[in-house]
Amino acid sequence: MSSKIRIYEIAKELGVENSEVIGEARELGIEVKSHSSTVTEEESELIKQGVAELQKGKDLKTKTQKKRKKAMEDSAAEKKKTILIRENTEIEDIASQAELDKEIIVKKFKKAGFSFSSDKKLDIEEAALVLEELGYKVKINTAEKEKIKEVDEEKRKYKLRAPVVTVMGHVDHGKTQLLDTIRKTDVIKRESGGITQHIGASKVTVEGKGDIVFIDTPGHEAFTAMRARGAQVTDIVVLVVAADDGVMPQTVEAINHARSADVPVIVAINKMDLPDASAEKVRTQLSHNNIITEEYGGDVISVEISAKENKNIDEILEMIMLQAEMMELRAPVDGPAKGVVIESELDKRIGPTATVIITEGILNRGDAFICGMVAGKVKAMADSSNKRVKKAGPSTPVSILGFEDLPQTGDKLVVMEERTQARGIAQERRDEMQSAKPKQAEKITLEDLRKQLMGEEKKELNIILKTDMTGSMEAIKDSVMKLSTDEVKINVIHSGVGSVTKKDIMLASASDAVIIGFNISVPGSIKKEAEKEGIQIRKYRIIYDIIEDIKKALEGMLKPAEEEVSLGRAEVKKIFKISGVGTIAGCGVFNGVIRRNASARVIRDSRIIYEGNLAALKRFKKDVSEVASGYECGMNIENFNDIKVGDVIESYEIRERKRTLEEARKD
Ligand SMILES: Nc1nc2c(ncn2[C@@H]2O[C@H](COP(=O)(O)OP(=O)(O)OP(=O)(O)O)[C@@H](O)[C@H]2O)c(=O)[nH]1
Ligand SMILES: [Mg+2]
């Protein structure tokens with residue numbers, strides 16, 4: 001007799017699941033119960049053959065899938081052979097030109113060994129390499145290449161430059177106070193509500209040691225983007241932590257920004273003058289966030305200071321200088337000047353201005369430049385103490401006048417030989433933006449569609465936002481959008497820097513929007529226009545107030561929560577059957593009140609057996625609206641006659657209660 005073989009032995013030998021072997025055996029008409037069932041040697045051979053055939057089929061399937069995918073990629077490449085790229089092209093842009101999924105491109109990048117984050121800007125070489133591998137031809141925006149003068153990096157003259165130091169930390173921990181003390185200024189006093197809502201740069205000379213450029217950032221949670229930008233242009237982060245408050249959410253956020261920008265951190269443990277200050281506690285908390293100070297055996301410098309009482313301020317300056325020396329920060333002083341916009345605003349009298357930190361070369365009055373999508377010529381420049389200057393070299397923050405339009409924060413400024421060239425590039429970049437735009441507007445998610453079909457469209461609050469500066473616009477937009485929930489949505493349908501215009505009113509009127517103005521004034525004629533159109537213009541000076549007000553408005557739009565409130569209970573003592581009326585329950589109220597118009601339920605042995613309304617509530621044959629605890633009454637329940645002695649009748653109401661946004665988010 002041939003030996004018996006168990007199912008799991010076959011599965012193991014073939015490297016497949018037991019279930020597959022069992023399935024195949026049954027297909028062949030061999031009776032098996034489980035993986036430990038046995039089959040004969042011949043049967044085993046038959047099963048093995050069957051499973052092997054199946055496997056082949058599967059492989060074929062995945063191969064076809066792979067082929068199909070490749071064909072898709074190829075045909076996309078075929079259709080659109082040339083892709084236009086330029087310096088700092090975004091992955092989105094390439095994906096849309098290539099008509100490929102963003103993920104495919106991201107994967108290729110990773111495979112090619114480039115570090116990658118989704119908002120990464122690509123340089124020309126990287127983008128070209130990957131696209132060519134995907135079968136595309138690449139056209140570099142030659143127009144730009146020719147116009148932006150090539151510089152021979154090797155021949156440039158490099159000089160030491162001042163460190164750019166960004167001060168970060170939680171709200172109210174003393175960042176502005178520290179800078180005020182260092183600069184001997186009084187910026188805090190001029191701030192609305194005593195909080196920083198803009199990014200500000202200033203150059204400070206430390207006697208006998210050199211210059212430092214400080215960037216003050218806001219600590220309020222709304223300003224994440226501003227802090228992130230602060231970290232990007234910086235060489236060193238000074239993390240201010242109040243010793244009485246310790247490490248707080250925006251302290252942690254600041255640590256993360258510093259880490260992702262890969263810049264060294266110096267910790268200023270502030271407010272050491274306060275009685276409940278504990279530097280130890282701060283250091284321990286920091287160590288939990290991977291900031292290990294020297295005292296704890298790490299390499300992060302920490303200095304205990306009091307910004308208010310001017311204690312140890314020299315020491316922190318010295319530490320910054322030391323750190324900077326170690327970093328040997330250099331920048332070329334020849335070649336076309338470059339810079340980064342850290343803030344921009346629209347001044348009614350003088351037009352658009354921007355604060356730019358120069359990163360390379362020397363910017364001169366009269367220089368033509370391109371900055372993001374805006375061309376310009378330096379008409380005037382002022383340093384951080386508002387003194388007019390003719391030149392500005394690396395690591396100098398200057399406010400520049402002469403932009404043809406408002407640049408965005410983060411835009412890069414590059415000096416050009418001719419203003420016409422700059423205008424040409426600006427035009428090209430704007431055109432490109434325009435052609436990319438409508439595609440985005442068409443995007444409608446399945447979710448939206450489903451909701452529309454089901455007639456449960458979201459409630460929406462449309463907002464037009466006008467602010468004094470681009471940075472605050474971004475911060476407000478971000479934090480306001482975050483307030484949206486599944487039920488109520490906020491649309492910032494338009495945002496801009498500068499005062500409210502007639503166009504804004506028209507837009508608000510057409511789209512039923514509220515206009516929000518931040519740190520701007522509204523001319524009388526516009527106010528009248530708004531009144532005529534029935535448009536609300538709400539003005540604010542502090543970002544918290546905007547968020548609070550919008551929260552309230554949204555909460556008003558939420559569907560109220562329904563809550564059951566128990567009013568009282570009665571026990572059934574006697575039953576009367578009255579023909580034509582039904583069953584009347586003679587009850588004693590033992591808790592709260594029974595109300596005629598409230599809902600009622602019948603409870604028997606702790607189980608609800610009926611819910612409905614009262615048809616009648618009587619005391620001594622008289623109809624009453626309610627009966628209080630301690631009294632007897634007669635009740636007739638609508639459409640329910642199966643009442644028994646011992647049942648409990650509960651009177652209850654459903655009340656509506658306003659929900660908060662937090663609740664709505666959890667629901
Ligand atoms: N006792 C004491 N108070 C301080 C010290 N430093 C700052 N303060 C006070 O703390 C409060 C907040 O200081 P700011 O400098 O405005 O704080 P900030 O970190 O710039 O705050 P945001 O810009 O809103 O993030 C002010 O009332 C300061 O006077 C200090 O060393 N000791
Ligand atoms: Mg501040």
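Strand 23 is largely enclosed by the rest of the structure, because four of its five residues are buried. The model discussed here is predicted.

Strand 15 (residues 338-347) runs antiparallel to strand 23, and three bridges join the two. In this pairing, Val-340 has Lys-412 of strand 23 as its bridge partner. Strand 18 (residues 368-371) is also antiparallel to strand 23, with four bridges between them. Here Ile-370 stands opposite Val-414. In general terms, the strands of a sheet pair through backbone hydrogen bonds, either parallel or antiparallel.

## Confidence in the model

The average pLDDT of the chain is 83, and 85% of the residues score at least 70. Over residues 438-445, however, the pLDDT is below 50, and this stretch has two contacts in the model beyond near neighbours in sequence. Where pLDDT is low, the predicted coordinates should not be read in detail.

## A buried threonine

Thr-353 is located in strand 16, which covers residues 351-360. Its relative accessibility is 12%, and because buried means under 20%, Thr-353 counts as buried. Apart from neighbours within four places in sequence, Thr-353 is in contact with Ser-344, Glu-345, Ile-400, Leu-401, Phe-403 and Leu-406.

An open sheet with mixed pairing is formed by six strands, in the order 9-10-8-11-12-13. Strand 9 (200-206) and strand 13 (301-304) stand at the edges; each has a single partner strand, so one side of each lacks a neighbour in the sheet. From one strand to the next, the twist averages 25°. Thr-205 stands opposite Asp-211 of strand 10.

Helix 11 (residues 249-260) lies across strand 8 (164-169), strand 11 (236-242) and strand 12 (265-270), and runs at about 170° to strand 11. Helix 12 (residues 279-288) lies across strand 11, strand 12 and strand 13, at about 145° to strand 12.

## Nonpolar cores

The largest nonpolar core contains 25 residues, of which Leu-178, Ile-182, Ile-212, Phe-214, Val-238 and Ile-320 touch the most other members. Two or more residues come from each of strand 8, helix 8 (175-183), strand 9, strand 10, strand 11, strand 12, strand 13 and helix 13 (313-327). Helix 13 provides the largest share, six residues.

Which residues surround Phe-214, leaving aside its neighbours within four places in sequence? Phe-214 is in contact with Val-165, Val-167, Leu-179, Ile-182, Gly-200, Ala-201, Ser-202, Val-204, Leu-317 and Ile-320. A second, separate core has 24 residues, including Val-480, Leu-483, Val-488 and Phe-518.

## Salt bridges

Side chains of opposite charge can pair when their charged atoms come close. The count of salt bridges in this model is 31. In one of them, Glu-304 pairs with Arg-283, with the closest N and O atoms 2.9 Å apart. The pair links distant parts of the chain, since Glu-304 is in strand 13 and Arg-283 is in helix 12, 21 residues apart. Glu-304 is partly exposed at 32% relative accessibility, whereas Arg-283 is buried at 4%.

Another salt bridge joins Glu-404 to Arg-419, and the closest N and O atoms are 3.0 Å apart. Glu-404 is partly exposed at 37% relative accessibility, and Arg-419 is partly exposed at 28%. Glu-563 and Arg-657 also form a salt bridge, at 2.8 Å from N to O. Because Glu-563 lies in strand 28 (residues 561-578) and Arg-657 in strand 35 (residues 648-657), this pair ties together parts that are 94 residues apart in sequence. Finally, salt bridges that share partners join Glu-564, Arg-569, Arg-601, Glu-611 and Glu-650 into one network.

Terms used. Residues are numbered from 1 along each chain as its sequence is written. Chains are lettered from A and ligands numbered from 1 in the order in which they are written. This is a predicted model: local features need pLDDT of at least 70, side-chain atom pairs count only at pLDDT 80 or more; totals for chains, interfaces and linings use all residues. Side-chain values use heavy atoms; hydrogens and water are left out. pLDDT is the predictor's confidence in each residue, from 0 to 100. Contact means heavy atoms within 4.5 Å. Buried means under 20% relative accessible area, exposed over 50%, partly exposed in between (1.4 Å probe, protein chains only). Two strands pair if DSSP finds at least two bridges between them. Axes are lines fitted to C-alpha atoms, for helices over the stretch in contact, and angles run from 0 to 180 degrees between N-to-C directions. A nonpolar core is a set of buried Ala, Val, Leu, Ile, Met, Phe, Trp, Tyr and Cys residues joined through side-chain atoms within 4.5 Å. A salt bridge is a side-chain nitrogen of Lys or Arg within 4 Å of a carboxyl oxygen of Asp or Glu.
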